[in-house]
Amino acid sequence: MELAQMSLTELRRLQSKVETEIRRRSDSARRDLLKKMQKMAAEEGLSLSDLLPNAAAAEEKSAPKRKAKAAGKKPGVVPVKYRNPANPTVGWSGRGRKPQWVIDWLAQNKPLTELEAVGA
């Protein structure tokens with residue numbers, strides 16, 4: 001694989017795949033090690049929490065997490081709180097980085113409240 005010949009898009013895609021694989025393998029190794037340690041402790045009639053005061057928290061972290069789904073709502077979707085006056089189809093939830101049109105609006109010393117979407 002010749003990295004110098006790859007486009008920026010291909011490199012970013014590869015980077016994402018590598019990061020995902022590293023995270024997967026790291027999590028797997030951590031879970032396997034925790035299981036081995038639990039087995040060793042059990043063979044001596046102990047639990048990890050008997051040996052390590054913070055082991056209970058470590059055991060909970062190693063367990064796969066499942067997010068509770070809110071009834072009738074898509075996960076991660078936040079309603080639009082502000083609308084771009086020049087293009088009302090463009091909105092911003094008020095979370096995360098401010099879009100350039102909001103930054104420009106505020107630079108003109110105009111209040112953010114004037115951009116609030118109807119019904120927000």
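1. Accessible areas here come from the Shrake-Rupley method with a 1.4 Å probe. On that basis, the accessible surface of this protein, a predicted model, comes to about 10500 Å². Carbon and sulfur atoms account for 54% of that surface. Of the 120 residues, 12% count as buried.

2. A quick word on the layout. The protein has four helices and two strands, and from the N terminus on they follow the order α-α-α-β-β-α. For contacts between residues at least 6 apart in sequence, 24% join residues at least 24 apart.

3. Which residues make up the largest nonpolar core? There are six in all: Tyr82, Trp92, Trp101, Val102, Trp105 and Leu115. Helix 4 gives the most to this core, with three residues.

4. Tyr82 deserves a close look in your viewer. Leaving aside neighbours within four places in sequence, Tyr82 is in contact with Val90, Gly91, Trp92, Gly94, Trp101, Leu112, Leu115, Glu116 and Ala117. Among them, Trp92, Trp101 and Leu115 are also members of the largest nonpolar core.

5. On to the rings, which may interest you for interaction terms. A search of the whole structure finds one aromatic pair. In general, such a pair is described by the distance of the centres and the angle of the planes.

6. Next, the loop between strand 1 and strand 2, starting with Asn84. Is Asn84 buried or exposed? With a relative accessible area of 12%, Asn84 is buried, as the cut-off for buried is under 20%. Not counting residues up to four places away in sequence, Asn84 touches Val90 and Trp101.

7. Val90 is found in that loop between strand 1 and strand 2 too, and at 31% relative accessibility it counts as partly exposed. Beyond residues up to four places away in sequence, Val90 touches Tyr82, Arg83, Asn84 and Trp101. The C-alpha atoms of Val90 and Val80 are separated by 9.1 Å, with the two residues ten apart along the chain.

8. Asn87 also has its place in the loop between strand 1 and strand 2. Its relative accessibility of 33% makes Asn87 partly exposed. From Asn87 to Trp101, 14 residues apart along the chain, the C-alpha atoms are separated by 9.9 Å.

9. Last, a backbone point to check. Most residues other than glycine have a negative phi. Asn109, although not a glycine, has a positive phi of about 60 degrees.

Terms used
Residues are numbered from 1 along each chain as its sequence is written. This is a predicted model: local features need pLDDT of at least 70, side-chain atom pairs count only at pLDDT 80 or more; totals for chains, interfaces and linings use all residues. Side-chain values use heavy atoms; hydrogens and water are left out. Buried means under 20% relative accessible area, exposed over 50%, partly exposed in between (1.4 Å probe, protein chains only). Contact means heavy atoms within 4.5 Å. A nonpolar core is a set of buried Ala, Val, Leu, Ile, Met, Phe, Trp, Tyr and Cys residues joined through side-chain atoms within 4.5 Å. Rings of Phe, Tyr and Trp (its six-membered ring) pair if their centres lie within 6.5 Å; planes under 30 degrees apart count as stacked, over 60 as edge-to-face and the rest as tilted.
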